[in-house]
Amino acid sequence: MNIKTNWEKSDFDNNGLTDILITGNTSEGPQTICVLDMGDRFELKKISQGELYEACSFPAIVESNKIVYYRNKIQGRYGSLFTKETLIYRNGEFIENNDILKKHHILEIKLRCSGGYGPNDDLDVEIISNRDMMYTITGRDRTTYYNSKLSQEKFKEVIDLLNYIDFENLADEYEVGYSDASTNRLEITYDNMKVKKISDYGGMGTRGLRQFYDLLFSLK
């Protein structure tokens, strides 16, 4: 794997400044982090995901402005799987790199977050191709509805990210290795009425999926 040092430097966010990738021991155990020089401040991004999600991980290696990250990914009842990820900094976070982009015609997006331990509300987000968005929060005592039309810029951001994470080729199911987590259910209708469904127990399926969830839940 050509691991030579516990730190590397590069310009991961392409802003012309030097960033540092560090692997070492912390109070939470071994961690890989990236410190980004934003010019007027520094930002810390965690690359490691913790012992609930990784049985172990290996120091990351820089390839150009990308990170190659090795880990034993915990897959719930399926045990763990040794994986290699190539990560790129995109829209504020590191996600899986995709050099072969497909541009699908997205007709409808549905995301439901439900379940989990405690009195959690269920969240539903629906976006259709005319940029209409419906956002529903269902609690024990009441249901709240929000309706809006996304701007062209925000709608493009949603569609571009969805295509970038190559949703069509993601697994149909993901799950974490612990109980009492919520489940994200994503349904994409695209092209000639094709449907892609993803069930993600724990909401940790891929880094790209997590960025997509965060984007949708921020739209309210």
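Helices (H or I, at least four residues) and strands (E, at least two) are DSSP runs, numbered from the N terminus. The model is predicted: local features need pLDDT of at least 70, and side-chain atom pairs count only at pLDDT 80 or more, while totals for chains, interfaces and linings use all residues. Residues are numbered from 1 along each chain as its sequence is written, and side-chain values use heavy atoms, with hydrogens and water left out.

**Exercise 1. The largest pocket**

Task: State how much space lies in the largest pocket, and determine which element supplies the largest share of its lining.

Solution. 
Step 1. Grid points are joined across faces, edges and corners, and a volume is the space filled by probe spheres set on the points.
Step 2. The largest pocket holds about 420 Å³ of space. Its lining comprises 23 residues, of which E96, N97, I165, L170 and T206 are the closest to its centre.
Step 3. At least two lining residues come from each of β6, β7, β8 and α2. The largest share, five residues, is supplied by β7.

**Exercise 2. Helix α1**

Solution. 
Step 1. By relative accessible area, buried means under 20%, exposed over 50%, and partly exposed in between (1.4 Å probe, protein chains only). The buried residues of α1 include F155, V158, I159 and L161.
Step 2. After α1 comes D166, whose phi is positive, near 55 degrees.

**Exercise 3. Nonpolar cores**

Task: Describe the largest nonpolar core and name the residues with the most contacts inside it.

Solution. 
Step 1. A nonpolar core is a set of buried Ala, Val, Leu, Ile, Met, Phe, Trp, Tyr and Cys residues joined through side-chain atoms within 4.5 Å.
Step 2. The largest such core has 32 residues, and I109, I127, I165, F212 and L216 have the most contacts inside it. Two or more residues each are given by β9, β10, β11 (132-138), α1, β14 and α2. The largest share, six residues, is that of α1.
Step 3. Another core lies apart from this one; it has 12 residues, among them C34, A60, L87 and Y89.
Step 4. Leaving aside residues up to four places away in sequence, I165 touches I95, L170, G208, L209 and F212.

**Exercise 4. Salt bridges**

Task: Give the number of salt bridges, and explain what the pair D99 and K66 ties together.

Solution. 
Step 1. A salt bridge is a side-chain nitrogen of Lys or Arg within 4 Å of a carboxyl oxygen of Asp or Glu. The structure holds 13 of them.
Step 2. Between D99 and K66, the closest N and O atoms are 3.5 Å apart. D99 lies in the loop between β8 and β9 and K66 in strand β6 (residues 66-74), so the bridge ties together parts that are 33 residues apart in sequence. D99 is exposed at 62% relative accessible area, whereas K66 is partly exposed at 24%.
Step 3. E168 also forms a salt bridge with K194, with closest N and O atoms 3.9 Å apart. E168 is in the loop between α1 and β13 (173-175) and K194 in strand β15, 26 residues apart.
Step 4. R41 and D40 are joined by a salt bridge of 3.0 Å, N to O. Together with E43, K45 and E93, these residues are linked in a network of salt bridges.

**Exercise 5. Positive phi**

Task: Locate N14 and M193, and state whether N14 is buried or exposed.

Solution. 
Step 1. Most residues other than glycine have a negative phi.
Step 2. N14, which is not a glycine, has a positive phi of about 55 degrees. N14 is placed in the loop between β1 (7-10) and β2 (19-26), and is exposed at 56% relative accessibility.
Step 3. M193, also not a glycine, has a positive phi of about 65 degrees. M193 lies in the loop between β14 (182-190) and β15 (194-201), and is exposed at 60%.

Definitions and conventions. Contact = heavy atoms within 4.5 Å. 1 Å grid on protein atoms, 1.4 Å probe; cavity = no way out; pocket = protein on both sides within 12 Å on 5 of 7 lines; lining within 4 Å.
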